[in-house]
There are 2 protein chains.
Amino acid sequence: MSKKKPDNTMNKIVSLCKRRGYVFQSSEIYGGLDSCYDYGPLGVELKKNVKEFWWKHMVQMRDNIVGLDSSILMHPRIWEASGHVAGFVDPLVDCKTCKGRFRADQLESSVCPNKPSKMVSECGGELTDVRQFNLMFKTQMGPVEEGATAVYLRPETAQGIYVNYPNVLQSSRQKIPFGIAQIGKAFRNEITPKNFIFRMREFEQMEMQFFVKPGTDTEWFEYWKEQRINWYDELGIRKENLRFHQHGETELAHYAAAAFDVEYKFPFGWQELEGIHNRTDFDLKRHQECSTKDLQYFDDVTREKFVPYIVETSAGCDRTLLTCLVDAYEEEELEKDTRTVLRLSPRIAPLKAGIFPLVKRDGMPELARKITDDLKQHMMVFYDEAGAVGRRYRRQDEAGTPFCVTVDSESLENNTVTVRDRDTMVQERINADGLLAYLRERVE
Amino acid sequence: MSKKKPDNTMNKIVSLCKRRGYVFQSSEIYGGLDSCYDYGPLGVELKKNVKEFWWKHMVQMRDNIVGLDSSILMHPRIWEASGHVAGFVDPLVDCKTCKGRFRADQLESSVCPNKPSKMVSECGGELTDVRQFNLMFKTQMGPVEEGATAVYLRPETAQGIYVNYPNVLQSSRQKIPFGIAQIGKAFRNEITPKNFIFRMREFEQMEMQFFVKPGTDTEWFEYWKEQRINWYDELGIRKENLRFHQHGETELAHYAAAAFDVEYKFPFGWQELEGIHNRTDFDLKRHQECSTKDLQYFDDVTREKFVPYIVETSAGCDRTLLTCLVDAYEEEELEKDTRTVLRLSPRIAPLKAGIFPLVKRDGMPELARKITDDLKQHMMVFYDEAGAVGRRYRRQDEAGTPFCVTVDSESLENNTVTVRDRDTMVQERINADGLLAYLRERVE
């Protein structure tokens, strides 16, 4: 955990997110709800595109991975089997002096509320004994409280995949090695959520569990490490801001034989984006034991029976979105001024093009509207006629829109339009009839 | 509420859903979790496609609607303002004889557990007094129970839109009339969930709230009624199975000036798919009062200030998916046998094509694999070489796949393939180079 405070870049991104409709504080008119955020009009499109890009690469383009969407509420015994009821805890202490509450293992990086220049480990306040606090949200299902079942909001999507493994195997006619992929919400009652949408209590995961024959797990682990770091590259994230972090012996989770994190260099330090884990047969064996169902795989070629090993790739969707924003954010010095530009990959940018009439007369708005309506059948575009065209360009730069299409007087004569590139600011003139193909080639 | 039991069709659909990987019982290996379901490999694709079809029609193709994705956990005062804490209740009674628990307003349609041939209203068991039971799931947020905040899992996505209205208005530069659309999970602790995925405790909504000037609300209400029923038509649902149901004076919710349901004729009777409501200024006025924030709209042309009226279109995503399955399901008598076929619209079908080598030799698998790999860059397709080609066709009929592409000996000579249409079973021979364009034209 880095002690560095978020520098100015994070504040600027938080501010841009609100101004342009990427991310809002949840329940803001009621003073906000700590650690929950809402995605605005551009944020929801960016998130959709990130998820779609993951799904395309992890499911659609592969023969041996299928999708799943399991429910958030699951049978409570699943969390006993997984170890979450007993072990998904944080150690907590209270300070008897300032009444603050802290993670016992982070006293050296937690600021004392009474002495903001000191950490809790140095401020001299007397601390209570350590208590174990379970991070799962608990609720009651069923008609009245006394007869209801205690259920949990899932703290990870992975268990939904494991318990569906027999049904997916049977219905999809897959054979080992194969994977099950899922995107969905998970909930953790974190004591210290922080860094904007990096660590939230409600968040979304993109997880894939790959079922393999024991003995081939190391090979597949290496394969998925490479595949996953390449994915961030294809997403447009700069290579120099990505690295692997290998979990040492003491960091490894109880279920893992090997673990690597993909980390990104955020303004607040290197932090985990995704974990690639060799979970061995821990999970399926636990569920086999607790459910008393046979979860062995039968290989009809070798006639062998075994509990598969699992290699997991577990990414945070909101973190990936934050990574895209941070990596894309730039303040560019121009000859006469500075422009803020979000250099998002065109494939994930919320709006693919801004469509502008140069001026609000002479038929330009009508032609620009027509072009907008045609493009809207195929992609997200935005019509804008308000203000000088230069200001309209800058608004789209800040929103991350890769192209701006302008209708001018020449357009009315020969049906051509100018297309301005967000990154180079270079304009080229093309025939309006070829516009859809031009954009598709660059944004899909 | 119809007394009719689900007929055979529902059982057949439930069975097909499990067999083909559309829908599984949640937590099945642990005996299941009442009223929760998981979407399998085909179900998750169908759901994605239904949501994408809604988003395209409600957001992408419109100038005056933008998207939102607000969190499930929101500030608890929102549910006081909305009326849910006080009024989102069902009346409950217990039977002192059989210990069963029932909705007091549905005794005439609830079966007595001790006397399955009788309804609770006639079985003679003595009932307790009526108790009011709130349908919201409650949980605790924050580090320890004594100091935590009670929060609810949202019972509808609409309130997330209302409280974000000022931020969306400002960041999107929209003017009234305009709408905010959202797809997301909602949770209701129903006493009597039933009919497979029709009424679940965890479900997904597709809601759009349209903000208008008071006095224009009736006109917009009529507009949205028409738009929404047309959408089901474009989704491929048979017209004769859709109808409007107008809420009478006694049925109207406290917030509504007018309400129509879009209903579908399920095997278990006509049931609501979507509600179109004129919610007046009820919601924004309540949030204005409770948050003390000014939620008035300022019209910069007329210089008027007013609290907008809201016309809502609120659809159930899981219900729509069930509708697609029910409407598409058919057992077709052929000359020698019967085939089960899901006549899903190609636009929402999970798999767009099955790709088969006629036999597993002579280079046919290699060519079929190559075609599969090429198509997988653009759409979901499935390679299958197992069993007679006739059986492979039937498996894809049952999965709802609109096209099957077969590579035969002629393919190796002249690069043509046969394309079989699911509905007509007619095959035509086309050049493999034109296959992508052929399919795109029919499935996009």
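Begin by selecting helix α10 of chain B, residues 389-399, which lies across β19, β20, β21, β22 and β23 of chain B. This helix runs at about 170° to β19(B). The model on screen is predicted.

Now show the strands themselves. In chain B, five strands make up an open sheet, ordered β20-β19-β21-β22-β23, with mixed pairing. From one strand to the next, the twist averages 25°.

Zoom in on β21 (residues 403-407) and β22 (residues 416-421) of chain B, which pair in the antiparallel sense over four bridges. Which residue in β22(B) does Val405(B) stand opposite? Select Val419(B) to see the residue that faces Val405(B).

Then move to another pair of helices: α2 (residues 41-60) and α8 (residues 317-328), both in chain B. They pack at an angle of about 110°, and their axes are 10 Å apart. Angles of 65 to 115 degrees count as roughly perpendicular, so α2(B) is roughly perpendicular to α8(B). The crossing of α2(B) past α8(B) is right-handed.

To view the contact, select Gly43(B), Leu46(B), Lys47(B), Val50(B) and Lys51(B) in α2(B). On the α8(B) side, select Cys317(B), Asp318(B), Thr320(B), Leu321(B), Cys324(B) and Leu325(B). Coloured by class, this contact of α2(B) with α8(B) shows six nonpolar, two polar and three charged residues.

Note on methods. Residues numbered from 1 in each chain as written. Chains lettered and ligands numbered in written order. Predicted model: local features only at pLDDT ≥ 70, side-chain atom pairs only at ≥ 80, totals over all residues. Heavy atoms only, no water. Axes fitted to C-alpha atoms, helices over the stretch in contact; angles between N-to-C directions. Helix = DSSP H or I, 4+ residues; strand = E, 2+ residues; numbered from the N terminus. Parallel < 35°, antiparallel > 145°, perpendicular 65-115°, else oblique. Left-handed = near helix turned anticlockwise from the far one by under 90°. Contact = heavy atoms within 4.5 Å. Nonpolar A, V, L, I, M, F, W, Y, C, P; charged D, E, K, R; others polar. Pairing = 2+ DSSP bridges.
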